[in-house]
Amino acid sequence: FPERSAVYLQSEEVLERAEKRIPDEKTIKKQLMKTGGTPYFLNSCRVEIGGTPMIPASMLNALRRQGLELLTEERLEKMKRRSETAHRETGKIEETDGNGDMKKKPHIIKERVFDGEVPEKRAVPRMSLYFYETEENADRLPSVLKRIQLLTERSGNIKFDICMPYRTLLSDPRRIFEITDDDPSLCVIPYLPAITKGFDERRLQSDALKLAGFFEQGHIEGISAANRGQVILFERTGVPLAAGENLHLYNSASVLELLRLGIHRGVISDELPDEEVKEILSGEEPDNGEFFPEITVFGHIPVMYTEHCVIGSSRAEHSCTKTDKKFYCREGEYSLKDRKGASFPLITDCSVCRMEILSHKPVDRFRLFGEICAASKERGASFPVIPRLNIFSESLPDIASMTAGTIDLLLR
């Protein structure tokens, strides 16, 4: 962030004269350095003490917390103003040259489908590729993107939303952006975890400004939020938000609630039967802005989350706990089997010992999506629904085949 931000604070607490221990610069600096759980660290500190006052640690802690909160508000407000000014205008984004230094290049303007300001109906069809990969197993993502690029050359004017875990993106953003920044048909939309607490929550608060910076530089098109807390966290950054499946889009009332929150795109619940999905999509558009629904056309869907490590607890001889990690979950792919023999894939997150359990077989709604497209065109609507492919362990040829089939339905 090139612009400097500064805040000034003054405690109203009256300092008493120290009788025993007089605070020194080292003690004061130690209290001010405690910035854990924030995106800040203390770079330098100059202390001037007049007289022999008693300076309570509680007062220093309160000033530190208040100062960092004000500094964050100041930075977010500046970021929002810059974002609003640059909205829909040609700006500049940064890339690295061979020496690792930053250089400028023209920003590629991409059609946004978050803010409800797209005139009339979307003239450009879109589809969403949702990747389940975590930080540990995201190696093939660039290869998939390059394969998708081959399809974009043949499919013409179509946009692909590349949805990936935000931590996968942050682990090595350059290898993603070097592919997507030069291709206006590829739009990166990182999604946030469904559960954020403890370490995960602190890390997300720290990473929020990084993601906002990516949006401001034109690298990402928005962020997919999974709960209300995340919506509140990002609402002042100016970054457009989409609603993930965990925000439970079940009916038109859900749509109105999301619009009230400033969200103009969301995933229709995978739990709804086909007829109810059709009913939602056949209703009248809401009065307070366009909304772009997204439906899962193919792929495994989330069933539940657990913080009970079934992999580690099954190794009785070498138990794996949060305080004594053995990282068995990195040794291969795992699944759970029920009494009928159905296998439920597991997505493991070693950093916080959390697991996501997926459906035992992929949902297949190609036929439903085809019917929705046909009905929409009869009403004169252009591409009102964004199809989504959930990608877990499918091979590159399978991904290409599913993507091509979806494009077929979109353009038919």
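**Exercise 1.** Is His248 buried, partly exposed or exposed?

*Solution.* The structure is a predicted model, in which local features need pLDDT of at least 70 and side-chain atom pairs count only at pLDDT 80 or more, while totals for chains, interfaces and linings use all residues. Residues are numbered from 1 along each chain as its sequence is written, and side-chain values use heavy atoms, leaving out hydrogens and water.

Step 1. Buried means under 20% relative accessible area, exposed over 50%, and partly exposed in between (1.4 Å probe, protein chains only).
Step 2. His248 has a relative accessible area of 41%, so His248 is partly exposed.
Step 3. Although His248 is not a glycine, its phi is positive, about 55°.

**Exercise 2.** Classify the ring pair formed by Tyr130 and Tyr191.

*Solution.* Step 1. Rings of Phe, Tyr and Trp (its six-membered ring) pair if their centres lie within 6.5 Å; planes under 30 degrees apart count as stacked, over 60 as edge-to-face and the rest as tilted. This rule gives five aromatic pairs.
Step 2. The centres of Tyr130 and Tyr191 are 4.3 Å apart and the planes are at 15°, so this pair is stacked.
Step 3. Tyr130 and Tyr191 are both buried.

**Exercise 3.** Classify the ring pair formed by Tyr132 and Phe392.

*Solution.* Step 1. Here the centres are 6.3 Å apart and the planes stand at 80°, so the pair of Tyr132 and Phe392 is edge-to-face.
Step 2. Tyr132 is buried, as is Phe392.
Step 3. One aromatic cluster is formed by Tyr130, Tyr132, Tyr191 and Phe392.
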